[in-house]
Amino acid sequence: MSQVFSEETHRNLLSRIPSCTGREISDWLRAVDEGPSLFRFEEKVSWLRSEHDLAYGHAKAIIHEYDLRRAARKLG
């Protein structure tokens with residue numbers, strides 16, 4: 001079962017990802033966008049972890065941010 005992070009925890013994880021991975025959030029979001037067409041959240045997290053050797057929390061934060069931004073684009 002996946003963990004549920006608060007909004008504050010999510011923002012803190014996002015802020016640390018560039019220093020931990022050497023890549024900006026925009027780079028990671030582009031990688032997800034250009035990656036395989038997976039539908040389930042956990043499938044996307046697993047792909048990101050295995051393809052890019054990311055920690056679970058970082059992968060989850062990236063996918064969550066990707067989904068948030070995609071939903072915002074649909075509303076706008």
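**Entry 1. Fold**

I counted four helices and zero strands in the protein chain. Helices here are DSSP runs of H or I with at least four residues, strands are E runs of at least two, and both are numbered from the N terminus. I read the order of elements from the N terminus as α-α-α-α. The radius of gyration came out at 12 Å, close to the 11 Å that the globule rule gives for 76 residues, so the chain is as compact as a globular protein of that length. That radius is taken over C-alpha atoms, and the rule is 2.2 Å times the number of residues to the power 0.38.

I noted the ground rules: this is a predicted model, where local features need pLDDT of at least 70 and side-chain atom pairs count only at pLDDT 80 or more, while totals for chains, interfaces and linings use all residues. Residues are numbered from 1 along each chain as its sequence is written, and side-chain values use heavy atoms, with hydrogens and water left out.

**Entry 2. Whole-chain numbers**

I boxed the C-alpha atoms along the principal axes and got roughly 30 × 25 × 25 Å. I then looked at burial: 32% of the 76 residues count as buried. Buried means under 20% relative accessible area, exposed means over 50%, and partly exposed is in between (1.4 Å probe, protein chains only).

The chain exposes about 5,100 Å², and carbon and sulfur atoms supply 50% of it. Those areas come from the Shrake-Rupley method with a 1.4 Å probe; for residues, only the protein chains shown count as cover.

I checked contacts too (heavy atoms within 4.5 Å). Of the contacts with a separation of 6 or more, 52% are between residues 24 or more positions apart.

For charge, I compared the mean positions of the 12 positive and 12 negative charges, which are 3 Å apart. Lys and Arg count as positive, Asp and Glu as negative, and His and the chain ends are not counted. Each charge is placed at NZ of Lys, CZ of Arg, CG of Asp or CD of Glu.

**Entry 3. Salt bridges**

I searched the whole structure and found six salt bridges. The criterion is a side-chain nitrogen of Lys or Arg within 4 Å of a carboxyl oxygen of Asp or Glu.

I looked up glutamate 65 and arginine 11. Their side chains meet in a salt bridge at 3.2 Å, N to O. Glutamate 65 lies in helix H4 (residues 56–75) and arginine 11 in helix H1 (residues 7–21), so the pair ties together parts that are 54 residues apart in sequence. Glutamate 65 is buried at 5% relative accessible area, whereas arginine 11 is partly exposed at 38%.

Glutamate 65 also meets arginine 69 in a salt bridge, at 2.8 Å, N to O. These two are four residues apart in helix H4, about one helical turn. Arginine 69 is partly exposed, with 40% relative accessibility.

I took arginine 70 and aspartate 67 next. Their closest N and O atoms are 4.0 Å apart in a salt bridge. Both residues lie in helix H4, three residues apart, about one turn of the helix. Arginine 70 is partly exposed at 31%, and aspartate 67 is partly exposed at 21%. I also noted a network: salt bridges that share partners join Glu7, Arg11, Glu65 and Arg69.

**Entry 4. Single residues**

Histidine 58 is in helix H4. I found this residue buried, at 14% relative accessibility. Leaving aside neighbours within four places in sequence, histidine 58 is in contact with Leu13, Ile17 and Cys20.

Leucine 75 also lies in helix H4. I found leucine 75 exposed, with a relative accessible area of 78%. From leucine 75 to glutamate 8 I got 23 Å, C-alpha to C-alpha, across 67 residues of sequence.

Proline 18 is in helix H1. Not counting residues up to four places away in sequence, proline 18 touches Arg23, Glu24 and Ile25. The C-alpha atoms of proline 18 and tryptophan 28 are separated by 9.5 Å, with the two residues 10 apart along the chain.

Glycine 35 lies in the loop between helix H2 (25–34) and helix H3 (41–52). I noted 24% relative accessibility, which counts glycine 35 as partly exposed. Glycine 35 and leucine 48 are 13 residues apart in sequence and 8.8 Å apart in space, C-alpha to C-alpha.
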